[in-house]
Amino acid sequence: MYPRLKDMRTDRDLMQKQVADYLDIDQRVYSNYETGKREIPIKHLVKLADLYGTSTDYLLGRTNILRPYAK
């Protein structure tokens with residue numbers, strides 16, 4: 001399960017459909033990413049990290065550092 005995906009999305013007042021459109025996938029597929037029913041392809045994980053300005057490790061729960069690339 002990837003709870004940070006939902007947290008990051010809702011913090012930005014985005015709907016699943018909007019994020020799915022950004023990834024060029026169906027909303028149901030994106031929903032399955034958030035619930036952990038489907039693994040996230042690396043290309044989508046990287047795009048999500050770019051969208052939210054964080055690292056893939058943060059999205060996956062491997063670190064608690066939200067902004068690892070702060071300038």
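**Briefing: helix packing and core of a predicted model**

In helix α1, which spans residues 3–11, the buried residues are R4, L5, M8 and R9. Viewed down the axis of α1, these buried residues fall within an arc of 135°, so they line one face of the helix. The structure is a predicted model.

**Partners of helix α1**

- After α1 comes D13, a residue with a positive phi, near 55°.

**Contact of α2 with α3**

- The axes of α2 and α3 lie 8 Å apart, and the two helices pack at an angle of about 105°.
- Because angles of 65 to 115 degrees count as roughly perpendicular, α2 is described as roughly perpendicular to α3.
- On the α2 side, the contact involves Q16, K17, V19, A20 and L23. These residues meet Q27, Y30, S31, Y33 and E34 of α3.
- By residue class, the contact of α2 with α3 comprises five nonpolar, three polar and two charged residues.

**The largest nonpolar core**

- The largest nonpolar core has 17 residues, of which L5, Y30, Y33, L48 and L59 touch the most other members.
- Each of α1, α2, α3, α4 and α5 supplies at least two residues of this core.
- The helix that gives the most to this core is α4, with four residues.
- Leaving aside residues up to four places away in sequence, Y30 touches L5, R9, Q16, V19, A20, L23, I25, L48 and Y52.
- Among these partners of Y30 are L5 and R9, both of which belong to the buried residues of α1.

- Most residues other than glycine have a negative phi.
- D13 is not a glycine, yet its phi is positive, at about 55°.
- The loop between α1 and α2 holds D13. With 67% relative accessibility, D13 counts as exposed, because the cut-off for exposed is over 50%.
- D24 is likewise not a glycine and has a positive phi of about 60°.
- D24 is located in the loop between α2 and α3. Its relative accessibility is 70%, so D24 counts as exposed.

Note on methods:
Residues numbered from 1 in each chain as written. Predicted model: local features only at pLDDT ≥ 70, side-chain atom pairs only at ≥ 80, totals over all residues. Heavy atoms only, no water. Buried < 20%, exposed > 50% of the residue type's maximum accessible area, 1.4 Å probe, protein only. Arc of directions from axis to C-beta. Axes fitted to C-alpha atoms, helices over the stretch in contact; angles between N-to-C directions. Parallel < 35°, antiparallel > 145°, perpendicular 65-115°, else oblique. Contact = heavy atoms within 4.5 Å. Nonpolar A, V, L, I, M, F, W, Y, C, P; charged D, E, K, R; others polar. Core = buried A, V, L, I, M, F, W, Y, C linked by side-chain atoms within 4.5 Å.
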